[in-house]
2 protein chains.
Amino acid sequence: FGFAVGAAGFLVLAGRQLRTARKAEGKINNKIDPEVPKVVTKEDLKAGDKKVYCRCWLSGTFPLCDGTHAKHNEATGDNVGPLIVSVKKSG
Amino acid sequence: FGFAVGAAGFLVLAGRQLRTARKAEGKINNKIDPEVPKVVTKEDLKAGDKKVYCRCWLSGTFPLCDGTHAKHNEATGDNVGPLIVSVKKSG
Ligand code: FES
Ligand code: FES
């Protein structure tokens with residue numbers, strides 16, 4: 001009987017952990033502006049600009065990329081990387 | 001005894017599922033260019049351009065945003081959104 005109670009308790013805990021993992025699985029931003037309902041970034045660029053933007057939500061210099069995507073890819077088997085935007089020089 | 005065997009089997013399966021969920025938890029791109037080691041996008045813009053770029057890795061028009069981030073946020077409690085880049089008109 002003790003074993004059955006122990007097993008049941010374990011199953012409840014395992015289920016809870018599984019649900020937590022599943023919820024965390026879906027969320028990709030656990031760091032940037034958590035108080036904002038939707039993090040939309042607006043950037044104004046001009047001729048000659050070149051910027052590297054983060055798409056992994058882990059950069060210490062968000063919205064710019066600081067290379068942290070490499071650690072994330074290594075740890076998870078993911079393949080994400082930045083967006084590089086170049087603006088033609090005028091003239 | 002039958003119960004103990006059943007419970008043990010269940011625990012093994014639950015553990016496996018938990019590990020899978022944990023691995024999937026870390027990965028944020030399960031769709032775009034899976035064969036590429038790192039998805040880096042290079043964009044050349046010119047004066048007057050305005051583009052909306054995806055940062056949720058779920059867009060059907062990646063690297064551009066098609067609004068799919070809204071479904072993702074709803075389903076997971078996340079708060080991700082696009083990067084909007086505008087380039088000044090010259091002159
Ligand atoms: S640090 Fe996020 S894409 Fe490079
Ligand atoms: S569809 Fe990915 S950010 Fe909008």
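A salt bridge here is a side-chain nitrogen of Lys or Arg within 4 Å of a carboxyl oxygen of Asp or Glu. The views below show a predicted model.

**View 1. Polar and charged contacts between chain A and chain B.** By the salt-bridge rule, the interface of chain A and chain B holds 0 salt bridges. Polar contacts, in turn, link 32 residue pairs between chain A and chain B, counted with both residues at pLDDT 80 or more.

**View 2. Extent of the interface between chain A and chain B.** Contact involves 51 residues of chain A and 51 residues of chain B. The area buried between chain A and chain B is about 4,300 Å², with 61% of it on carbon and sulfur atoms. On the chain A side, the residues that lose the most area to chain B are I28(A), R55(A) and N79(A), which together account for 16% of what that side buries.

**View 3. The side of chain A that touches chain B.** At least two residues each come from α1 (2–26), β1 (39–45), α2 (69–76) and β3 (80–87) of chain A. The helix α1(A) gives the most, with 12 residues. Sorted by class, this side of chain A has 27 nonpolar residues, 12 polar residues and 12 charged residues.

**View 4. Strand pairing between β3(A) and β1(B).** Strand β3(A) pairs with strand β1 of chain B, residues 39–45, in the parallel sense. The pairing runs over 6 bridges. Within β1(B), E43(B) is the bridge partner of V85(A).

Note on methods
Residues are numbered from 1 along each chain as its sequence is written. Chains are lettered from A and ligands numbered from 1 in the order in which they are written. This is a predicted model: local features need pLDDT of at least 70, side-chain atom pairs count only at pLDDT 80 or more; totals for chains, interfaces and linings use all residues. Side-chain values use heavy atoms; hydrogens and water are left out. Contact means heavy atoms within 4.5 Å. Buried area is the accessible area (1.4 Å probe) that two parts lose on being put together, summed over both. A polar contact is a pair of N or O atoms within 3.5 Å; within protein, one must be able to donate a hydrogen and the other to accept it, and residues adjacent in sequence count only if both atoms are side-chain atoms. Helices (H or I, at least four residues) and strands (E, at least two) are DSSP runs, numbered from the N terminus. Ala, Val, Leu, Ile, Met, Phe, Trp, Tyr, Cys and Pro count as nonpolar, Asp, Glu, Lys and Arg as charged, and the others, Gly among them, as polar. Two strands pair if DSSP finds at least two bridges between them.
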